There are 2 protein chains.
Amino acid sequence: MNFMDIALEEAKRALYLKEVPIGAVVVKDGNIIGKGHNLRETLKNPLAHAEIIAIKEASETLGNWRLNGCSIYVTLEPCIMCAGAIVQSRISKLYIGTFDPNLGGCGSVVDLVNNKYINSNTEVHWLYDSKCSEILKDFFIDIRKESKSH
Amino acid sequence: MNFMDIALEEAKRALYLKEVPIGAVVVKDGNIIGKGHNLRETLKNPLAHAEIIAIKEASETLGNWRLNGCSIYVTLEPCIMCAGAIVQSRISKLYIGTFDPNLGGCGSVVDLVNNKYINSNTEVHWLYDSKCSEILKDFFIDIRKESKSH
């Protein structure tokens, strides 16, 4: 199982809780040191995005706020807050499952990671993984069906 | 004491811990519902900026991730992560003590709060409070003196 598939497993945990299904894992030297899934509604916390939870756990694992040499795998393009958190934590590589045309902070709406005005050490890799877009598409189709049936 | 002075008190708590002195308070209906100061080194957490801590506490106080109708007072212009967090939490008003020409996410480096491509409900107010810039200037002068004496 590759790391994006593990991030997708995290997204499925969010789905199970009726959260927007987004997952993230932070990896160092081939080992997972932080995982997270979106818990914004469950925790009633605007910061409880998958990436923020995974980064916090990774920092705890390493005992260091600097995550140089780490990679993060995220099923959906990070929003502006999470793109900022990835830059702030100095994560070296960001692997993105699919893009977010509405809120994406890595090029779709604004680009905070590869921006000449921002001191960023993060290299971005787009994976265009259809499983990452399909889980979101299916979630929003279901939400619309549910809201119509009420 | 006005709310920016209370944010400055928070900044002084960070200073006491030898953290970059930045403080934030979240206010609703004239009451403080969240406070925070920079604890990045102390907690070894890249996310432990004053704003993030104050927003988390405010959400806990209200039991809601939506902070519409709230104001946040921050001694220093929020970075890209914190500007993103303020937008994500739907805070209505952002009061900024002084600008950050290196990392500012509210106009100095990039503008995430008043950006036509980003769906933001946050109104920005610049206070240009010299106490907010002086505490930072003094901190960095001391840091340089210390590093020279070693």
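**Notebook: chains A and B**

I began with one pair and noted that the side chains of B:R66 and A:E41 meet in a salt bridge at 4.0 Å, N to O, where a salt bridge is a side-chain nitrogen of Lys or Arg within 4 Å of a carboxyl oxygen of Asp or Glu. This is a predicted model, in which local features need pLDDT of at least 70, side-chain atom pairs count only at pLDDT 80 or more, and totals for chains, interfaces and linings use all residues. Residues are numbered from 1 along each chain as its sequence is written, chains are lettered from A and ligands numbered from 1 in the order in which they are written, and side-chain values use heavy atoms, with hydrogens and water left out.

**Entry on the interface**

I looked up the salt bridges over all chains and found 14. The pair I started from crosses between chains, going from B:R66 in the loop between α3 and β3 of chain B to A:E41 in helix α2 (residues 40-43) of chain A; helices (H or I, at least four residues) and strands (E, at least two) are DSSP runs, numbered from the N terminus. Across the interface of chain B and chain A, the rule finds two salt bridges.

I then noted that two residue pairs, both at pLDDT 80 or more, are in polar contact between chain B and chain A. A polar contact is a pair of N or O atoms within 3.5 Å; within protein, one must be able to donate a hydrogen and the other to accept it, and residues adjacent in sequence count only if both atoms are side-chain atoms.

On the side of chain B that touches chain A, α2 (40-43), α3 (50-62) and α4 (80-88) of chain B each supply at least two residues, and α4(B) gives the most, with six residues. By class, I wrote down 15 nonpolar, nine polar and five charged residues for that side of chain B, with Ala, Val, Leu, Ile, Met, Phe, Trp, Tyr, Cys and Pro counted as nonpolar, Asp, Glu, Lys and Arg as charged, and the others, Gly among them, as polar.

The contact, meaning heavy atoms within 4.5 Å, takes 29 residues from chain B and 29 residues from chain A. I recorded about 2,500 Å² as the area buried between chain B and chain A, with carbon and sulfur atoms giving 71% of it; buried area is the accessible area (1.4 Å probe) that two parts lose on being put together, summed over both.

**Entry on the sheet of chain B**

In chain B I followed five strands that form an open sheet in the order β2-β1-β3-β4-β5, with mixed pairing, where two strands pair if DSSP finds at least two bridges between them. The edge strands of chain B are β2 (31-37) and β5 (123-126), each pairing on one side only.

Strands β3 (residues 71-76) and β4 (residues 93-98) of chain B run parallel and are joined by five bridges, and B:I72 has B:L94 in β4(B) as its bridge partner. Helix α5 (residues 130-149) of chain B lies across β3 and β4 of chain B, running at about 50° to β4(B); axes are lines fitted to C-alpha atoms, for helices over the stretch in contact, and angles run from 0 to 180 degrees between N-to-C directions.

Strand β1 (residues 23-28) of chain B runs antiparallel to β2(B), with six bridges joining them, and B:K28 is partnered with B:N31 in β2(B). The hairpin of β1(B) and β2(B) has two residues between the strands, and there B:D29 takes a positive phi near 50°.
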